[in-house]
Amino acid sequence: MKKILFISFLAVVIVSCSVDPEIKPAVTAESVKEIIPPGWPTPHYNFNNNPLTLDGFTLGRNLFYDPILSSNNAISCGSCHQQFAAFSNSGHDFSHGINGLLGNRNAPAIQNLNWNPYFMHDGGILNIEVMPLGPITNPVEMNESLSNVIQKLSTSNKYRQLFTKAYGNDTINSQRIFKAIAQFMGTMYSYNSKYDNVKSGKDNFTTQEQSGYNLFVQKCASCHKEPLFSDYNFRNIGLSVNIALHDSGRARITGNPLDKYKFKTPSLRNIEKTAPYMHDGRFYTLDQCLTHYISGIVSSPTLDPQLSSGITMTIQEKNDIIVFLKTLTDTKFLTDYRYSEIH
Amino acid sequence: MKKISILLIILSGLLVSCKKETITPPEPFPTSIVNDTTGFLEIHIGNVVNGAPLSLSTATYVSASNDTFSVDIFKYYISNVKLVSVSGHTYTEAESYYFVNQADPNTLHLMVKKIPSEQYASINFLIGVDSVRNFSGAQSGALDPINDMFWDWNTGYIMAKMEGHSPQSTQLTKKLVYHIGGYGGKFKGIRQVSLSFPNNAIVTKNHTPILSLQADLYKWFISPNFSDFNTASVITGIGNESSAMADNYATMFSVISVTN
């Protein structure tokens, strides 16, 4: 009997493993649209100069998941930006580029990008359209030249068709590639967490979540500003400097010593799923992150003045905040088939 | 009177329809001009080192600091071309972006378009790409990042780029690498150039004058900021060094001739 149970269990496992990816529902034209959730500010990027269409989105989705963008055809954008991890790189402080090479910064989540005034931890990139240029050409990421990418795409029937659908003809150039990827990434909206449902009156916090939220508003929200949970400023939050990396952060972009060791405030949406944390992925748990603010702050000339004596909280308060942070998990976003890999 | 008004109405109708035509997608270059009264100015650029024609990779040159060097890459942007006429009018070319690449002879000939028929006494332009186009999203044509003149770590164009080799380089590979960018803030790579013509350039619908310019790479290392390859073999970020080099290359252009 036990054996039979085991076998039937195995059969279930096998069946679930071999689920045909083709059964994924098709993305509808109506579902590809610009969204500004109620109460959110005006986004920095809109699609006025990049008209959003199902075909543009689909081209972008194909490119995002296609290792053809890398020099050895092995690494795609999706390799390091995984949907179940809110498009961060689960479990990796630094992602693996081609030939196992490691970068020196943690792969950030991709969500609600249109509200980002700038990209990358140091804010060096100012427009979502040119953002993929970095990872595509970086020697330790995808290590590919734009001209090679275009050459490879041009010899692919599939892409000639996808470009024709999206743009009316099969001309393939960097502008078309970038605008299509922007259509895909720019419509990755996360606004259906429990927190959002509570705000719109469709759900209620538990007592502990509510306590955590109140504490969060008091102690964290000046930088992690609602509803996007970031003020998109650059701050030195007192992380000890990793001598091996010697990452000066924002100062690399501005050349200003007053910007040394400052990094962009990340959004906390889906934070439960985006470990490890910080620009260098040094913390693996939310507890470690909050403990840093309580007792780990290293003083330096550019330390954010709000953190000069750390953030005071009891263990109970810390735990309540963590419970609240988990209400920012948006399961609908993490499992939305429109953003999933195309097989 | 009636006849005149009817004629005016018909004429204005024609004008409107002409105007509409000019808005249609970018015309293939350099086909007929829509507006009858405008013409072209052809610019020939000769890149040189201390007066000697620049040949990539093979030739060696001597810098002002007496360092020997060779040049592998020499590229830069020219944008926002303006022409000042003898009567004091300034013509500002729209969509005025030119990518100059020593390795591609086609890029050494620029054609300034839709210039009103006049006599012109001087030219202004930017070395580099104006600030707005640096953060306006994905661009095409001369501004396509495929030209390898767009930073991937920091939004913005490399306004001018020189790579080469010198025994005086501090790099193990003996390389010289200068990627000068920056469009805003304290350190910019964009520089304004103003050049007077020795004789007027006469632009008409049927006549295209040729402006012959020289760009001297030698000037990158002399004045106002003298530099030698041992102190600055590589400049690829934004800072005092990049700004100083931009101040130098701002002086690299001179007019050889205007041929009508």
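Where is B:M162 found? B:M162 lies in strand 9 (residues 158-165) of chain B; helices (H or I, at least four residues) and strands (E, at least two) are DSSP runs, numbered from the N terminus.

Before I continue, a word on the model. This is a predicted model, in which local features need pLDDT of at least 70, side-chain atom pairs count only at pLDDT 80 or more, and totals for chains, interfaces and linings use all residues. Residues are numbered from 1 along each chain as its sequence is written, while chains are lettered from A and ligands numbered from 1 in the order in which they are written.

I return to B:M162. Is B:M162 buried or exposed? B:M162 is buried, because 23 other C-beta atoms lie within 10 Å; the term buried requires 20 or more other C-beta atoms within 10 Å of the residue's own, with C-beta atoms placed from the backbone. Leaving aside neighbours within four places in sequence, B:M162 is in contact with B:V71, B:I73, B:F74, B:Y178, B:L217 and B:W220, where contact means C-beta atoms, placed from the backbone, within 7 Å.

Chain B as a whole has three helices and 14 strands. Of its 260 residues, 34% are buried. Among contacts between residues at least 6 apart in sequence, 75% join residues at least 24 apart.

I turn next to chain A. The axes of helix 11 (residues 286-296) of chain A and helix 12 (residues 315-325) of chain A come within 10 Å and cross at roughly 130 degrees. Axes here are lines fitted to C-alpha atoms, for helices over the stretch in contact, with angles from 0 to 180 degrees between N-to-C directions. Helix 11 of chain A is therefore oblique to helix 12 of chain A, oblique being what remains once angles under 35 degrees (roughly parallel), over 145 (roughly antiparallel) and 65 to 115 (roughly perpendicular) are set aside. The contact is made by A:L286, A:D287 and A:L290 of helix 11 of chain A, together with A:K318, A:I321, A:I322 and A:L325 of helix 12 of chain A.

Which residues of helix 11 of chain A are buried? They are A:L286, A:C289, A:L290 and A:H292. These residues lie on the same side of helix 11 of chain A, because they cover an arc of only 140 degrees around the axis, the arc being that of the directions from the helix axis to the C-beta atoms. Helix 12 of chain A is included in what covers them.

Finally, the contact between the chains takes 21 residues from chain A and 19 residues from chain B.

Key. Two residues are in contact if their C-beta atoms, placed from the backbone, lie within 7 Å. A residue is buried if 20 or more other C-beta atoms lie within 10 Å of its own, exposed if 12 or fewer, and partly exposed in between; C-beta atoms are placed from the backbone.
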